[in-house]
Amino acid sequence: MAAFASHLHQLTPTLTPHKLSTTRHVCCLPHVPSHLPRPLPYGYIYQIQTVNLAISGSSGSRASTAEMEANGVATNPEKIRSQFLELLRTRRSAQVPLTVEPAKPVVKPLFQDVTPPTFSEEMESCPKANFENLKELLKEENIYIHTEAGDQGKLPLLILSMKENNQEKRPAVVFLHSTHKCKEWLRPLLEAYASRGYVAIGVDSRYHGERASSLTTYKDALVSSWKNGDTMPFIFDTVWDMIKLADYLSQRDDIDPTKIGITGESLGGMHAWFAAFADTRYAVAAPIIGVQGFRWAVDNDKWQARVDSIKAVFEAARIGLGKEEIDKEVVEKVWDRIAPGLASQFDAPNTVPAIAPRPFLIVNGAEDPRCPLDGLEVPKTRACKAYEEAHCADKFKLVAQPGIGHKMTPLMVKEVSDWFDKFLK
């Protein structure tokens, strides 16, 4: 940890204690759909604690950024959040009441990998409370909640907490897995957080786990989205589920609705990032190897690693567009089709600052080709400004672990664990 810290330059000038005015709160409390309770206000008396990564490089698409700033989008969290929620509604199936259905534990989880993973040092590294008989003390719930009509509207949850007689409400953390994995893969993290007094919720994202039927379900959904334009399987549809999940968690007797956190790895990190942006009831967020500048990657020819992670949809687009190879135009058209706005108004430079003033930790590898560090210069700068203006600059932090590519590490797991303990307990 000490060696890693030596790579970072901490800036910690002290701000004069100040509490946000009612006027300032307007920017932090967006237009929320009628089914969402309005989030509770916060007070802010903090210090700056940002990480200076000395990032260099292009600032991305200047023309599109200028257009958004001219329209007041880039500087208006309330407006951009409202626009994003409207986008989510455009591709929803029929709405159904939020209902809860009991489920059974999954005996043979479906991993959409040719060789399913069996062990993860990173997953096992999360700090636990010292209980010799922890598994006997854990309460396990397997349930489904219905977020909309259709098979993909059935959201599977694995919930772990400690068996306790008291009725105190506890903080909760939602966990989202990476591509091709499932909620059962998250169990070591769930157990660790539950041992420390959290209600820990594992989620199957769309077309994964119990929401998949074969090794190609997710790939097939992406290709179908390109061809038909009726779903958003890359990130956005699962964010809708996270909004509905916040409905459910806020109603539970054992959860403090003002202390719900969210995190995830890779694809799950992107889900956590956008869920925190979309729904202010996620009071703390800490995406792992998930935050990137999509526009910056396109403009700076750094899109290849991200494209390779879900290549089937880009190949389908290449063929459909009559191209000999995947190029910048193919990438742009795919993003516009399967995740509209991902590389423009809903990209990191606008959505990351919109999470302020809630605590937001970004944990990436400094050499991650899918989440290039140079592409986070503008999001980081704008976020620092937003949190400083909210007088809570220590609630935003970006950690880039030197020498690490697209990989979650024990250090990242520890950083996220400490972040939740600091702001939720």
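**Salt bridges**

Author: Arg252 and Glu141 join their side chains in a salt bridge, 2.8 Å from N to O (a side-chain nitrogen of Lys or Arg within 4 Å of a carboxyl oxygen of Asp or Glu). This pair links distant parts of the chain, 111 residues apart: Arg252 is in the loop between α9 and β8 (255-265), and Glu141 is in strand β4 (residues 138-146). Helices (H or I, at least four residues) and strands (E, at least two) are DSSP runs, numbered from the N terminus. Arg252 is buried, at a relative accessible area of 8%, and Glu141 is buried at 15%. Buried means under 20% relative accessible area, exposed over 50%, and partly exposed in between (1.4 Å probe, protein chains only).

The model is predicted: local features need pLDDT of at least 70, side-chain atom pairs count only at pLDDT 80 or more, and totals for chains, interfaces and linings use all residues. Residues are numbered from 1 along each chain as its sequence is written, and side-chain values use heavy atoms, with hydrogens and water left out.

The structure holds 30 salt bridges. Another of them pairs Lys128 with Glu191, whose closest N and O atoms are 3.8 Å apart. Lys128 lies in the loop between α5 (121-124) and α6 (134-137) and Glu191 in helix α7 (residues 187-195), so this pair ties together parts 63 residues apart in sequence. Lys128 is partly exposed, at 41%, whereas Glu191 is buried, at 5%.

Arg281 and Asp279 also meet in a salt bridge, at 2.8 Å from N to O, and both residues are buried. A network of salt bridges links Arg92, Glu148, Arg206, Arg211, Asp237 and Asp241.
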